[in-house]
Every structure is written in C-alpha cells, then in structure tokens.
Amino acid sequence: ETGTWGYTVFFESKMNNNSISSTTCSTPTNDSVQKVIKNDTVRYRRKGYGLISASLIVLAYFVLLPQILKKYWAMLFAGIDHRNLVFFSTVLVHSLSFLIGNLGMWAVYHAKHSFFERYKISQKQWPWESDPERWRDILKLSLIH
C-alpha cells in the first residue's frame, strides 16, 4: 500500500504493462503498430483530446491563413503605401486572431457542453451568470478603458 490511490494505480499499471505512458517526459518504445496505437490512445485520453484541437488551431494559423492571405493580398491592399500596409496587416492579423479566439471561447463558455465543462476549475457560477447586471457594468468599463 503506497498511501495514495493515484500513486498505486500508476505503479500497478506500469508493472502490469496496462499503460506505457506516464506523466514523465520519457518516450515509450514503439516496437509495433499496436503499441503506437495503444500509446497514442492513452496519451490523447489523458490530454482530453486538447492536443487535437491545439494542432488544428496551429495548422489553421500557419498553413491556412497564409494561403488565404496569398490569394486575396493584392486585391485587398492595392494602392496602399508599404509602411501603412505593414502596420495595417500586423494590427489586422493580431486583432482578428484575438477577436476570433475570444468569440470561440465565448461560444464554449455559453454552450455549457459536457466535454468542456469537465475541465472547469471551479464549480461556482460564472460571473455573468451569478450577477449579470454587475457583469455588464464591469464589461462596459473594461471596453471603455
């Protein structure tokens, strides 16, 4: 008996070869396709499939966004001075990324889907649910200042 449940389960699973993965930085040996599938399944379950969504976001930002900008760049910014173009495009890309990211998180919070709710840190209501009027006042002040 080790005293803590997680500790016991971790070492029993290592001893029984139920799972090769751990919370350490060691890389499991992947001698066969079955072991690769088993290791990746355990890894994705442990991370809650967040790795997949993070990979899709990175893919969209570094692969899709440049392709979209390449297609429409000349049409959008024809006749604009080079200095203004660099400033405008820098501000535009970051502002749109910020806006799209925040709108996405707004949708996640307001959907209250069980997939996302299981990662909620606190069981308390969100501020916009517990006191909507005060939340609107704070939001207005935040946006104004």
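Over which residues does pLDDT stay under 50? This is the case for residues 1–25 of the predicted model, where pLDDT denotes the predictor's confidence in each residue on a scale from 0 to 100. Where pLDDT is low, the predicted coordinates should not be read in detail. Across the chain, the mean pLDDT is 77, and 79% of the residues reach 70 or more. Among the elements, the lowest mean pLDDT, 44, is that of helix H1 (residues 5–16), whereas the highest, 90, is that of helix H7 (residues 132–144).

Residues are numbered from 1 along each chain as its sequence is written, and side-chain values use heavy atoms, with hydrogens and water left out. As the model is predicted, local features need pLDDT of at least 70 and side-chain atom pairs count only at pLDDT 80 or more, while totals for chains, interfaces and linings use all residues.

The chain has seven helices and zero strands, these elements being DSSP runs (H or I of at least four residues for helices, E of at least two for strands) numbered from the N terminus. Of the contacts with a separation of 6 or more, 24% are accounted for by residues 24 or more positions apart. Of the 145 residues, 10% count as buried, that is, under 20% relative accessible area, with exposed set at over 50% and partly exposed in between (1.4 Å probe, protein chains only). The accessible surface of the chain comes to about 12,500 Å², of which 65% belongs to carbon and sulfur atoms.

About 470 Å³ of space lies in the largest pocket, a pocket being an open set of points on a 1 Å grid where a 1.4 Å probe fits, with protein on both sides within 12 Å along at least five of seven lines, and its lining residues having an atom within 4 Å of a point. Of the 17 lining residues, Tyr61, Leu65, Leu96, Ser97 and Ile100 are the closest to the centre of the pocket. Helix H3 (50–76) and helix H4 (82–111) each supply at least two residues of the lining, and H3 gives the most, with nine. By class, the lining has 14 nonpolar, three polar and no charged residues.

In the loop between H4 and helix H5 (114–117) lies Lys112, which has a positive phi of about 55° although it is not a glycine. Lys112 is partly exposed, with a relative accessible area of 47%.

Technical notes:
Contact means heavy atoms within 4.5 Å. Grid points are joined across faces, edges and corners, and a volume is the space filled by probe spheres set on the points. Ala, Val, Leu, Ile, Met, Phe, Trp, Tyr, Cys and Pro count as nonpolar, Asp, Glu, Lys and Arg as charged, and the others, Gly among them, as polar. Accessible areas come from the Shrake-Rupley method with a 1.4 Å probe; for residues, only the protein chains shown count as cover.
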